[in-house]
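Me: I have a chain open here and would like to go through it piece by piece. Can you take my questions as they come?

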Amino acid sequence: MMKLTHSLTFIPIVSLIGVVSCTAPTGALLENNTTGQGNRPQEQAQGVPTPGGEAACILVENSFGPQGQVNVRVEEVVNGLDVPWGIGFLPNGDMLVTERPGQVRLVQNGQLRPEAVANITVTARGEGGLLGIAMHPDFASNRFFYIYYTADTNGSSVNRVERWQLAPDGLSATRDRMILDDIPVAQFHNGGRIRFGPDGMLYIGTGDAREPDLSQDVSSLAGKILRVTPEGDVPSDNPFPGNPVYILGIRNTQGFDWVNETTLQVTDHGPSGELGRRGHDKVSVAQAGDNLGWPTIYRCESGEGLVTPSIVWRDALPPGGAAIYTGTAIPEWQGNLIIATLRSEHLQRVVFDPQSPQQVQQHEVYLQGEYGRLREAIVGPDGELYITTSNCDGRGGCPPDGDKILRVTR
């Protein structure tokens, strides 16, 4: 069994120089570079082509965007959940759902079974606990699924990814092996989203564990998207040889999805006070080896060797799960990034330009304040979009019937 830890070979990052704000349009409102929420640093107010012809970053200055114009309908699938964080679909349409306090639950034939499939011993302080889940691409034959969770080991906490195997009847599961261990932990910024890519590899989103400089250090697993094989080995074609790091410069991602086999759209949480900065959650388009810039850049900014964001919200969303919509029930959404948001309590639809894949064409808001905090967003095998509420996580108003799984359809 391979165990990847912090004893990775250090690979220096290219010198980060020449950081500049994206070009601002004529008449854009610019403010002095000061700390705090009231006086905002200078940044681009609206997206415009930059002198080199690159796609421009869109800054959303007020609120979160216009009201959505596509008619959608929401159905409650189940309730009674305790901070559901991730959903994994079984071949028959049933679901495994992770609850942050440490339970893996089964939704069978549209009903939440009362007993847990597995009880994981977790450290659920702050934003830790049982977080993401992903099903093996060959689940139908091997019954393997993967979980990301926070654990105590010898008096200290780590985040880790393990592989489990679901029993044939789907009612219980057993631990199979460790996939990745010793991912840095903090009360906040633990990442936690895991997904299999179109290449059959497991991708793992981590947070900076409240140490921003770790995001730029490829010898650390913090503040990254990591890529490993289903067995936990480092693929030979990873951008840093022998290293699971795939994308770096991330503060705290909980959502990403693939435009194609080599390109991802990645959401990231903006700062909440550290380094004198606030707000500025973002979406970036990234490929293997890309550096999304945290903490060197965090707004609509550019820097040598860094990916300029495609869209930034000045006020904090912040983004939970994210999925590119591939269903047919809402054809207007096809190919668009749908983001579940927490504090701002809505679904955000982001439309990219097919001719300029890093350029946002439009964005809009759905379900504003209707269901509270939203965490997961994932397209099921039936082509429908599923989201979870996160109102019982200590930051929302927990209703008597607990958190829910919702289906967003026509």
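**Rings, bridges and a sheet**

Reply: Y203, Y246, F256 and W258 form one aromatic cluster. Keep in mind throughout that this is a predicted model.

Me: ok, how many aromatic pairs does the structure hold?

Reply: The count is 7 aromatic pairs. One of them is Y203 with Y246, whose ring centres lie 5.2 Å apart.

Me: why is the pair of Y203 and Y246 edge-to-face?

Reply: The planes of the two rings stand at 90°, and planes over 60 degrees apart count as edge-to-face, so Y203 and Y246 get that label.

Me: and which strands are Y203 and Y246 in?

Reply: Y203 belongs to strand β14 (residues 202–205), while Y246 belongs to strand β16 (residues 245–248). The pair therefore ties together parts that are 43 residues apart in sequence.

Me: are they buried or exposed, Y203 and Y246?

Reply: Y203 has a relative accessible area of 0%, which makes it buried. Y246 comes out at 6% and is also counted as buried. The cut-off for buried is under 20%.

Me: what about F256 and W258, how far apart are the ring centres?

Reply: They are 5.8 Å apart. The planes of F256 and W258 meet at 80°, so this pair is edge-to-face. Both residues are buried.

Me: switching topic. Which arginine lies over the face of F144?

Reply: That is R163, at 4.0 Å from the centre of the F144 ring. There is also R251, which lies over the face of W294 at 5.8 Å from the ring centre.

Me: now cysteines. How many disulfides are there?

Reply: There are 2 disulfides. C57 and C300 form one, with 2.0 Å between their sulfur atoms. C392 and C398 form another, with their sulfur atoms 2.0 Å apart.

Me: where in the chain do C57 and C300 sit?

Reply: C57 is in the loop between β1 (20–21) and β2 (58–60). C300 is in the loop between β19 (281–286) and β20 (301–302). The two cysteines are 243 residues apart, and their bond links distant parts of the chain.

Me: left-handed or right-handed, for C57 and C300?

Reply: The torsion about their S-S bond is about -60°, so the disulfide is left-handed. The link of C392 and C398 has 75° about the S-S bond and is right-handed.

Me: buried or exposed, these cysteines?

Reply: C57 is buried, at 0% relative accessible area. C300 is buried too, with 0%. C392 has 17%, and that is under the 20% limit, so it counts as buried. C398 reaches 47% and is partly exposed.

Me: what pattern do the disulfides follow?

Reply: Counting bonded cysteines along the chain, the pattern is 1-2, 3-4.

Me: last topic, sheets. In what order do the strands of the open sheet come?

Reply: The order is β9-β10-β11-β12, which makes 4 strands with antiparallel pairing. β9 (130–135) and β12 (173–183) are the edge strands, each pairing on one side only. From one strand to the next, the twist averages 25°.

Me: what do strands of a sheet pair through?

Reply: Backbone hydrogen bonds, in a parallel or antiparallel arrangement.

Me: and how many bridges join β9 to β10?

Reply: There are 4 bridges between β9 and β10 (residues 144–153), and the two strands run antiparallel. As for individual residues, I133 has I147 in β10 as its bridge partner.

Note on methods. Residues numbered from 1 in each chain as written. Predicted model: local features only at pLDDT ≥ 70, side-chain atom pairs only at ≥ 80, totals over all residues. Heavy atoms only, no water. Disulfide = S-S within 2.5 Å. Buried < 20%, exposed > 50% of the residue type's maximum accessible area, 1.4 Å probe, protein only. Pairing = 2+ DSSP bridges. Axes fitted to C-alpha atoms, helices over the stretch in contact; angles between N-to-C directions. Phe/Tyr/Trp six-rings, centres within 6.5 Å; stacked < 30°, edge-to-face > 60°. Lys NZ or Arg CZ within 6 Å of the ring centre and 35° of its normal.
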